[in-house]
Amino acid sequence: MCSPYFDSVASVFSARVYHASYLRFMERGRTELLRAVEVAQSDLHAEMGGLAFVVRRMTIDFLGAAVMDDMLTIVTRPKEMRGASMTLAQEVRRGDEVLVKADVMVAAVRGGRAVRIPDELRAALSVNS
């Protein structure tokens, strides 16, 4: 799933995108992935008794830097699906150039406890799709 994202937050001194901004971009990419498979996080929360996803772990490689006015694309794809968690591979790209790569493990939780990812969402996000 690809989602375009424009950054207006750049370092005042270098005109380069601040490293923490990439976390926000990737969060948007994960939301857009769910939208692409016609799943709204608010619906999951309402219909599944408070189900939410939280970031459990993230490994990130900064390979290049975006600068002010760059048009960026966030690529998000399922990498591994487990009972209550899934790992997503994400890239932040400027054209064909990969600027940031990350593996993000998110866990499904309800009431502060891990719960199994719903089968419908599991099927929609199948690693093989």
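Visitor: Which residues does Leu121 touch, not counting residues up to four places away in sequence?
Guide: Touching is contact, meaning heavy atoms within 4.5 Å. With residues up to four places away in sequence left out, the partners of Leu121 are Leu34, Val39, Leu44 and Phe53.

Visitor: What kind of model is this?
Guide: Residues are numbered from 1 along each chain as its sequence is written, and side-chain values use heavy atoms, with hydrogens and water left out. Local features need pLDDT of at least 70, side-chain atom pairs count only at pLDDT 80 or more, and totals for chains, interfaces and linings use all residues; this is a predicted model.

Visitor: In what order do the elements of the chain run?
Guide: Helices (H or I, at least four residues) and strands (E, at least two) are DSSP runs, numbered from the N terminus. The chain has three helices and six strands. From the N terminus on, the order is β-α-α-β-β-β-β-β-α.

Visitor: How many of the residues of strand E4 are buried?
Guide: Buried means under 20% relative accessible area, exposed over 50%, and partly exposed in between, with a 1.4 Å probe and protein chains only. Across the chain of 129 residues, 38% are buried. Strand E4, residues 85–94, is largely enclosed by the rest of the structure, because its buried residues number eight of 10.

Visitor: Over how many bridges do E4 and strand E5 pair?
Guide: Two strands pair if DSSP finds at least two bridges between them. E4 is antiparallel to strand E3 (residues 71–81) over eight bridges, and a hairpin of three residues joins E3 to E4. Between E4 and E5 (residues 97–110) there is another hairpin, with two residues between the strands and a positive phi of about 65° at Gly95 in the turn. The antiparallel bridges between E4 and E5 number 10.

Visitor: Is Gln90 buried or exposed?
Guide: Gln90 lies in strand E4. Leaving aside neighbours within four places in sequence, its contacts include Met26, Gly29, Thr76 and Val104. Its relative accessibility is 1%, so Gln90 counts as buried.

Visitor: Which side chain makes a polar contact with the side chain of Gln90?
Guide: A polar contact is a pair of N or O atoms within 3.5 Å; within protein, one must be able to donate a hydrogen and the other to accept it, and residues adjacent in sequence count only if both atoms are side-chain atoms. The Gln90 side chain reaches the backbone oxygen of Met26 at 3.0 Å. Its side-chain partner, at 2.9 Å, is Thr76.

Visitor: How far apart are the end C-alpha atoms of H1?
Guide: Among the buried residues of H1 are Tyr22, Met26 and Leu34. The expected span of a helix is 1.5 Å times one less than its number of residues. H1 has 16 residues and should therefore span 22 Å, which agrees with the distance between its end C-alpha atoms, 23 Å.
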